[in-house]
Amino acid sequence: MAAFTMMDGAESMPNRRSFIRTVAGGIALATTGLIGRARADLPQGTLESALRDSLPGKQPLIKRSFRPPNYESPVDVFNDVITPNDRFFVRWHLSNIPRIDAGSWRLAVGGDGAERAVELTLEQLKRDFEPVELVAVCQCAGNRRGLSDPHVPGVEWGSGAMGNARWKGVRLKDILARAELKKEAVEIAFSGGDRGLLDATPAFAKSIPAWKALDDNTMVAYEMNGAPLPHWNGFPARIVVPGWTATYWMKQVSSIRALSQPLAGFWMNTAYRIPKGKFPIIDRFTSQESDTSTPITEILVNSLITNIADDARFPSGQPMAVKGVAWDGGYGIADVEVSIDEGRSWQSAVLGENYGRYSFRTWEYRFSPQSAGRMTVMARASNARGTSQPSELIFNAPGYHNNVVQKIAVDIA
């Protein structure tokens, strides 16, 4: 297995020897129970690869694959509203991730939907445009795929293929203004630095509707939580599309093209598509829709219990706190309810500080269980447009949009 170097020169990818060593360490953690027990009710294969592994610059994450690197954050990371850079999940589609020098990096802007071509350096992005900041959730479209029942193929993510960060950069619409967008432009396409091992592998390219590119919140980001983007999260710059799944958040972005015709290719016409009309979405990507399917777009309303796990034990008659986070595609979290009686009744949790409509919203519910026995704790979020999490999984073959109400079984002694 070939080794290659971090683009910013500060770190290097693990070579074969270090990889074997870290995997062995992960196996040791798993066998000693530090990772936790696999739930018997999860589909086969969900947690088989749930080994802790360290990438350079990252604390141990849950390894789903090494090449390309796909690592998810442990659930306890989300006890804080902002996800630290060194604990933020990692998702790449292709294996060859280049070393990029910030000084020589260029962003090419043009396409047939623009009047002229522009080339920008990282220094120009920082110097010549108004900087903007936004707190937003970056979530893989396949988050919780490993919990699908029946089982579906793909990266077997648990609940940690996401993170919430403060992004700083430049409005995409300001960059497009430099290239003088034509009225004929229907989509804005992005390309990045990663490549496949074989020439035949389709290059990872994505597009978004022109109207979404011109939204004030869509940006080219060069900072994450007050620091340069980590290599694993897209250094030196990436696209940030708040409210939409991370498939559009192109890492190591190298080109931005305004298109007068819809982008064609595997990553648009085949991958990241959902059955048309199956999910309650508002933001539609109409130029890419077919008779039966549509591209995945906005994040669905969701919640996660972060401070307790299955089979935890609590004393009866003593105060107990259930905490977590809730989020959606930018409509804003209006309510989080908790049930401790299999969903027969629900009580509103107390919402934490509002960091903006694209951010995680923390919540907490306190009560004192009065009798011993098995208890199922459930959490259900609703957003400002009145949409709530479903009680049953909306199944689809790619395993996208898993936002079913979470259930955690605990013992009251």
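Proline 236 is placed in the loop between strand E12 (227–228) and strand E13 (238–240). Helices (H or I, at least four residues) and strands (E, at least two) are DSSP runs, numbered from the N terminus. The peptide bond from phenylalanine 235 to proline 236 is cis, with omega near 10 degrees. The model is predicted: local features need pLDDT of at least 70, side-chain atom pairs count only at pLDDT 80 or more, and totals for chains, interfaces and linings use all residues. Residues are numbered from 1 along each chain as its sequence is written, and side-chain values use heavy atoms, with hydrogens and water left out.

A cis peptide bond also joins arginine 67 to proline 68, with omega near 0 degrees. Proline 68 sits in the loop between strand E2 (61–65) and strand E3 (70–72). Most peptide bonds are trans, and most residues other than glycine have a negative phi.

Positive phi values were examined next. Aspartate 311 has a phi near 75 degrees, a positive value in a residue other than glycine. Its place is the loop between strand E17 (302–305) and strand E18 (313–314). Aspartate 311 is partly exposed, with a relative accessible area of 30%. Here buried means under 20% relative accessible area, exposed over 50%, and partly exposed in between (1.4 Å probe, protein chains only). Glutamate 342 has a phi near 65 degrees, again positive in a residue other than glycine. This glutamate lies in the loop between strand E20 (333–339) and strand E21 (347–348). Glutamate 342 counts as partly exposed because its relative accessibility is 46%.

Aromatic contacts were searched over the whole structure, which gave 14 aromatic pairs. Rings of Phe, Tyr and Trp (its six-membered ring) pair if their centres lie within 6.5 Å; planes under 30 degrees apart count as stacked, over 60 as edge-to-face and the rest as tilted. Ring pairs also join Phe88, Phe89, Trp157, Trp167 and Trp249 into a cluster.

Two charges sit over tryptophan rings. Lysine 251 lies over the face of tryptophan 92, 4.8 Å from the ring centre. Arginine 380 lies over the face of tryptophan 346, 4.0 Å from the ring centre. The criterion places NZ of Lys or CZ of Arg within 6 Å of the ring centre and within 35 degrees of the ring normal.

Serine 391 is in the loop between strand E24 (373–383) and strand E25 (406–412). Serine 391 counts as exposed because its relative accessibility is 57%. Its C-alpha atom is separated by 9.0 Å from that of asparagine 403, twelve residues apart along the chain. Serine 391 touches Val404 and Val405 (heavy atoms within 4.5 Å), not counting residues up to four places away in sequence.

Five strands form an open sheet with mixed pairing, in the order E6-E5-E14-E9-E10. Strand E6 (118–121) and strand E10 (205–209) are the edge strands, each pairing on one side only. Two strands pair if DSSP finds at least two bridges between them. Strand E5 (residues 106–110) pairs with E6 in the antiparallel sense over four bridges. Valine 109 stands opposite valine 118 in E6.
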